[in-house]
Amino acid sequence: MSASAEWLGVIGLGRMGGNMATRFLNAGYTVYGEEKSREDAQALVNNGLRWCDTPREVAETVDVIFTSLPDDAALELVASGPDGILAGLTAGKVWVDLSTVSPRASRDIAARVRARGATMLDAPVSGSVPQVQAGTLTIMVGGDERAYAQVEPLLRELGTPTHIGDNGLGLVLKLAINISLGVQMLAYSEGLLLAERAGIDPRLATDVMTQSAIGSPMLKARADLVLDQPDEAWFDVSFMEKDIALALDAARELDVPMPSANAVERTLNIALGFGYGRRDIAVLFTVLSRLTEDRASSPA
């Protein structure tokens, strides 16, 4: 552990951020934290987290601040105002944003951070709660290389970080990865449904499919969730829809065609219409099954 980084802060103590804070605590760091509701973070406080009432208080207390937030609006909320992170930043501090937000919004806030003499890195992660808990996240980092070198040992408590380039580029690569995540889940669900409707036992089909050429690490980890939905989503539909929408926005700016991402977005929106926003993305199989049943029951 680096003596200069014994104290750190985590803002956003939900499923991802809370487990990140736990890993830092277990590694021996003194961790300050803030969440909208202290009640939601009480288990972490009981485990040694030092509670702060505002993001500004966290930023004033520590030299390295981590944020794990759901979207652009939440990021702006914790950044701005008299109680925000920016109000507590001073020269030399580093803010590492682990959220998946739009590259444009992240670059805008990074410029405001630089104006205060501090540094912001975008460091979105690939992986879900099990990977956080195991410390096996893939972390893509955009921003100043010297700041990256400073926080790299901290990021290695969470997984494998890689410096990608300038501010925003970590986010672009994360969105590129999530396109494939959504497309693979949709394509697998289509194939499994085809096999099932033809009379093949879906569990037998799952075993064979995951051992075939399509058996990516993601698919092997998630295939069983298709038939046995988890009580707590690893990666829920609403977050995936948000990430695909961000990827499509970035693609429009760069004039890149996105046929498969568009197909995933349409299906995710159907899932949201069915009320599956908080369900794991493995529910896409259920969505396709329902669409098939609706067609079968419709009059010719």
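Me: Over which ring does the charged end of Arg-279 sit?
Reply: A charge counts as over a ring if NZ of Lys or CZ of Arg is within 6 Å of the ring centre and within 35 degrees of the ring normal. This is a predicted model, in which local features need pLDDT of at least 70, side-chain atom pairs count only at pLDDT 80 or more, and totals for chains, interfaces and linings use all residues. Residues are numbered from 1 along each chain as its sequence is written, and side-chain values use heavy atoms, with hydrogens and water left out. The charged end of Arg-279 lies 4.9 Å from the ring centre of Tyr-276.

Me: How is the aromatic pair of Phe-24 and Tyr-29 classed?
Reply: Rings of Phe, Tyr and Trp (its six-membered ring) pair if their centres lie within 6.5 Å; planes under 30 degrees apart count as stacked, over 60 as edge-to-face and the rest as tilted. For Phe-24 and Tyr-29 the centres are 6.1 Å apart and the planes stand at 85°, so the pair is edge-to-face.

Me: Is Phe-24 buried or exposed?
Reply: Buried means under 20% relative accessible area, exposed over 50%, partly exposed in between (1.4 Å probe, protein chains only). Phe-24 has a relative accessible area of 0%, so Phe-24 is buried.

Me: Over which ring does the charged end of Arg-278 sit?
Reply: The distance from the charged end of Arg-278 to the ring centre is 5.6 Å. The ring belongs to Phe-239.
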